[in-house]
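Open the structure in your viewer and keep the selection tool at hand.

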Amino acid sequence: AAPRGRSSAECRLSMLMFAHLASAAFIASRSALLPTPATHPSAAATAGTRACVATAPRRGGEAVMAGMPLPAGSLVALATPMTSTGEVDIATLRELLRWHKAEGTDGVVILGTTGEASTLTSAEKEEVMAATREEVGGEMAILVGTGTISTEATIAATKQAKLFGADAALVVTPYYVKPSQAGLVAHFTRIADAVELPIVLYNVPGRTGVDMSVETTVSLSRHPRICGLKDATGDNTRAAPMRAVCGDDFRLYSGEDAAAREYVLQGGDGVISVTANVAPAAVAAVMASGRAGDAAAALAADGPLMALHRDLFCEANPIPVKWALHKMGRMGEGIRSPLSPLGVAFQPRVAGALQQAGCIASEEGASAAAGSVGWPSRDLLLQGHLFDQGLINQALDIIEKQNGDFEILAFSVQPNDQNSEFNFRRTSSVSLRVFGVDASALEDITRRLRALVDVLESAEGSLTILPAKAAAPPA
């Protein structure tokens with residue numbers, strides 16, 4: 001059974017690990033057939049050597065020393081401090097950066113999703129980049145989020161990041177337009193050819209609507225300036241095969257806090273973390289143990305953070321983490337429209353997670369947040385082609401979006417019957433204990449799960465309500 005308090009992303013990972021995705025040898029054989037991205041003459045000149053240290057740019061005639069290598073470990077996806085009136089608070093940003101340096105954070109990612117970059121003006125972005133460089137430049141690696149929906153706009157933003165002393169750019173796949181895999185290769189290749197700055201690819205299909213395949217990632221990794229990947233798919237089975245094919249000098253970062261520990265144990269280098277905003281030393285400790293291969297120590301360090309990994313996403317990021325930082329006294333309460341402050345109903349939940357992680361003290365006379373303990377529950381058996389049609393991920397998303405919780409009671413999958421590839425289309429079964437905040441919510445979750453099974457006919461799924469003692473699925 002999955003321990004209570006785990007996030008749905010981590011539980012989803014546990015089930016995927018049972019499925020044993022394709023071997024590294026198989027992906028290597030397939031990647032050998034992929035086209036190598038076209039390269040700019042300047043990139044071709046360095047073929048065979050990954051150019052993962054930024055050259056020193058110049059700003060206003062003065063050299064800005066750059067060139068920190070991409071680190072392993074914990075990189076914080078930094079929230080941008082704002083005042084109660086929504087103005088960027090540079091003084092508080094400086095204090096946060098000094099705190100992260102003291103707490104052992106290995107790198108900082110600014111102007112990403114967590115940093116509300118899409119709501120900042122060009123002048124504000126420049127202020128954030130300049131202050132970050134002044135505070136931690138040369139001591140912590142600085143990655144700047146530069147990805148947009150447009151290739152040309154991304155090139156311009158990446159050039160600007162280099163101008164302000166970035167050590168690398170984090171470039172998300174274009175969102176909303178859903179480019180093909182060939183389109184992704186062309187997009188990232190043009191950016192890497194155009195700017196002499198290390199590029200970290202960012203794959204987050206849940207936000208962009210496009211999933212960059214393993215084959216596309218492997219193809220792009222051959223470009224000397226494409227030096228890493230932030231993988232926010234939640235699929236940790238990609239880590240080991242990509243490590244085997246892309247080599248040790250290609251950085252693999254998890255973009256899912258709940259899955260990061262296992263990702264590193266599977267061969268990843270670290271995490272670009274939201275949780276590290278509020279618990280930097282703790283996340284750094286998890287990553288250090290994971291990179292050392294000490295699974296027990298990594299689990300012990302990660303245990304107190306489990307509720308944070310889940311509850312910092314109870315509303316859209318960065319709403320909960322900015323509220324949490326305000327609760328800790330680390331920044332003001334400002335957040336920009338269209339985002340709004342954390343809903344009152346979620347505040348005790350996030351406060352409880354902060355207390356559990358030791359980020360704030362328990363309030364006198366207040367009991368610790370109980371999460372889903374004591375909620376009504378129901379045992380369900382979900383069967384069918386759980387992986388090839390995404391049935392299991394969609395089912396767990398329904399539970400999460402309806403503010404429910406779950407435990408994995410048992411899991412079963414038919415043996416792989418393919419010698420040369422992973423067979424997604426085979427029957428699997430999972431027993432879940434599903435929790436709702438009340439009986440009505442539990443019924444609503446069950447009804448939505450039944451509707452999902454009925455609509456997703458290609459998965460050939462079924463949903464059965466089990467007696468509490470009949471949790472194990474058939475072998």
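This is a predicted model: local features need pLDDT of at least 70, side-chain atom pairs count only at pLDDT 80 or more; totals for chains, interfaces and linings use all residues.

**Stop one: a pocket**

Start by selecting L111, G112, A117, S118 and G147, which lie nearest the centre of the second largest pocket. Now colour the elements that give two or more residues to the lining: helix 5 (122-136), strand 5 (141-145), helix 6 (151-163), strand 6 and helix 8 (205-208). Which of these gives the most to the lining? It is helix 5, with 4 residues. If you colour the lining by residue type, you will find 15 nonpolar, 12 polar and 5 charged residues.

Side chains of opposite charge can pair when their charged atoms come close. The count for this model comes to 19 salt bridges, and we will visit a few of them.

Select E124 and R336, whose side chains meet in a salt bridge at 2.6 Å, N to O. E124 lies in helix 5 and R336 in the loop between helix 15 (319-327) and helix 16 (347-356), so this pair ties together parts that are 212 residues apart in sequence. Are these two residues buried or exposed? E124 is buried, with a relative accessible area of 14%, and R336 also counts as buried, at 15%.

Next, select R94 and E135, a salt bridge with its closest N and O atoms 2.9 Å apart. Here R94 sits in helix 4 (residues 90-103) and E135 in helix 5, 41 residues apart, so the pair links distant parts of the chain. R94 is partly exposed, at 23% relative accessible area, whereas E135 is buried, at 14%.

**Stop three: a pair of sequence neighbours**

Move to R310 and D311, whose side chains meet in a salt bridge at 2.9 Å, N to O. D311 is buried, with a relative accessible area of 2%, and R310 is buried too, at 17%.

**Last stop: the surface**

Finally, switch to a surface view and select I149, Y175, Y176 and V177. They form a nonpolar patch with about 440 Å² of accessible area together. To place V177, look at the loop between strand 6 (168-172) and helix 7 (181-194). V177 counts as partly exposed, at 47% relative accessibility.

Note on methods: Residues are numbered from 1 along each chain as its sequence is written. Side-chain values use heavy atoms; hydrogens and water are left out. Patches are made of residues with over 30% relative accessible area and no salt bridge: like charges are joined within 9 Å, nonpolar side chains (Val, Leu, Ile, Met, Phe, Trp, Tyr) within 5 Å. Accessible areas come from the Shrake-Rupley method with a 1.4 Å probe; for residues, only the protein chains shown count as cover. A salt bridge is a side-chain nitrogen of Lys or Arg within 4 Å of a carboxyl oxygen of Asp or Glu. Buried means under 20% relative accessible area, exposed over 50%, partly exposed in between (1.4 Å probe, protein chains only). On a 1 Å grid over the protein atoms alone, a cavity is a set of points where a 1.4 Å probe fits but cannot get out, and a pocket is an open set with protein on both sides within 12 Å along at least five of seven lines; lining residues have an atom within 4 Å of a point. Ala, Val, Leu, Ile, Met, Phe, Trp, Tyr, Cys and Pro count as nonpolar, Asp, Glu, Lys and Arg as charged, and the others, Gly among them, as polar.
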